[in-house]
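Subject: Structure handover

Hello,

Here is the structure I promised to pass on. Please open it alongside this note; my findings follow below.

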Amino acid sequence: MAMLEIENLSAGYGNVQVLRDVSLSVDEGRIVALLGANGAGKTTLLNAIYGLHKPSSGTVVFRGRRIDDMPGDKIIEQGIAYLPEGGRLFPDMSVKENLEMGAYPRGLWRDRKRDLERVYKLLPRLGERKKQLARTMSGGERQMLAMGRCLMSDPKMCFFDELSYGLAPKMAQEVLGMVKELNAGGLSVLLVEQNVRQTLEVADYAYVMENGVIALEGEGRSLLDNEHVKKAYLGL
Ligand code: ATP
């Protein structure tokens, strides 16, 4: 059964419609990718799921409960954490302080010490660098820190928006490898990416969004052989 089920979601800005009847699901324990070019509507979809942008129609159900009318802090409590594009870290704060910001939503603050220890176990490099300032870290390390901040709420599912954006291919591979490791530990993931090739290598299933609609979907690796994907996204 799907853990996250989105049905016929539409959304836009003013009278410009961006998403049209988008349906997508993420089964428990899987990595599902949402791929597409700049401006396809991927971030709008994440924001619409996460209560940051009101959909004009459609439903979002997470673990059997409607969440499309819930505010973000309630959605965190349901077990979804969202890493927005660019990570939005506090550059002049330390690794530990940035992680603690992930415990800021109501109800999580009192457990922050336990949550910090759990995150340091999952991503030991953060534990080794707890006092380092975020701005002195490499791009890949900053993404790791942003992932760690998401994990502070002990989520069942994470939305990662453009984790590999701006990273050299080797670093992107490392960051996506961390996603795979977290998934092996039980985390379900919705991965939004423009980096089609590397993402399809780690995703169990993928959706390709074009101009606000799902144009194509299939098992991750099988899409690497799809003629449209090859031409439009892999330059083959
Ligand atoms: P990117 O990877 O560049 O973020 P995306 O696939 O996530 O691309 P969106 O950011 O969802 O795409 O944008 C989809 C469309 O909606 C684009 O045409 C964009 O210009 C428009 N759009 C996004 N945010 C707003 C906004 N706040 N107001 C008006 N239009 C917006």
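First, a caution: this is a predicted model. Every value below is computed from it.

**Domains and their interface**

The chain splits into domain 1 (1-79 + 157-236) and domain 2 (90-155). Domain 1 therefore comes in two segments, as its bounds come from a domain assignment. Their C-alpha centres are 23 Å apart. Contact between them draws on 18 residues of domain 1 and 16 residues of domain 2.

An interface is often sized by the accessible area lost when the parts come together. Here, domain 1 and domain 2 bury about 1300 Å² between them. Carbon and sulfur atoms give 71% of that area. On the domain 1 side, three residues stand out: Ile76, Met178 and Leu182. They supply 34% of the area that domain 1 buries against domain 2, more than any other three residues.

What about polar terms? Between domain 1 and domain 2 there are two residue pairs in polar contact, both at pLDDT 80 or more. The rule finds one salt bridge across the interface.

Which elements of domain 1 give two or more residues to the side that touches domain 2? They are helix 2 (72-78), strand 7 (157-161) and helix 7 (169-184). Helix 7 gives the most, with six residues. By type, this side of domain 1 has twelve nonpolar residues, one polar and five charged.

A salt bridge to look at: the side chains of Arg125 and Glu174 meet at 2.6 Å, N to O.

**Gln143**

Gln143 sits in helix 6 (residues 139-151). Is Gln143 buried or exposed? Its relative accessible area is 9%, so it counts as buried, the cut-off being under 20%. A polar atom of the Gln143 side chain lies 2.7 Å from the backbone oxygen of Leu163. Setting aside neighbours within four places in sequence, Gln143 contacts Leu83, Gly87, Glu162, Leu163, Leu167 and Val175.

Most residues other than glycine have a negative phi. Two residues here are worth checking against that.

- Glu162 has phi near 55 degrees, a positive value in a residue other than glycine. Glu162 is in the loop between strand 7 and helix 7. At 3% relative accessibility, Glu162 is buried. Glu162 is also one of the residues that Gln143 contacts.
- Asn211 has phi near 45 degrees, again positive and again not glycine. Asn211 is in the loop between strand 9 (205-210) and strand 10 (213-219). At 62% relative accessibility, Asn211 is exposed.

**Ser10**

Ser10 belongs to strand 1 (residues 2-13). Its relative accessibility is 5%, so Ser10 counts as buried. A polar atom of the Ser10 side chain is 3.0 Å from the backbone nitrogen of Asp21. Beyond residues up to four places away in sequence, Ser10 touches Gln17, Leu19, Arg20, Asp21, Pro55, Ser56 and Ser57. Arg66 is 56 residues from Ser10 in sequence, and the two are 16 Å apart in space, C-alpha to C-alpha.

That is the list.

Best wishes

How values were computed:
Residues numbered from 1 in each chain as written. Predicted model: local features only at pLDDT ≥ 70, side-chain atom pairs only at ≥ 80, totals over all residues. Heavy atoms only, no water. Helix = DSSP H or I, 4+ residues; strand = E, 2+ residues; numbered from the N terminus. Buried < 20%, exposed > 50% of the residue type's maximum accessible area, 1.4 Å probe, protein only. Contact = heavy atoms within 4.5 Å. Polar contact = N/O pair within 3.5 Å; in protein donor to acceptor, adjacent residues only side chain to side chain. Buried area = accessible area lost by both parts, 1.4 Å probe. Salt bridge = Lys/Arg side-chain N within 4 Å of Asp/Glu carboxyl O. Nonpolar A, V, L, I, M, F, W, Y, C, P; charged D, E, K, R; others polar.
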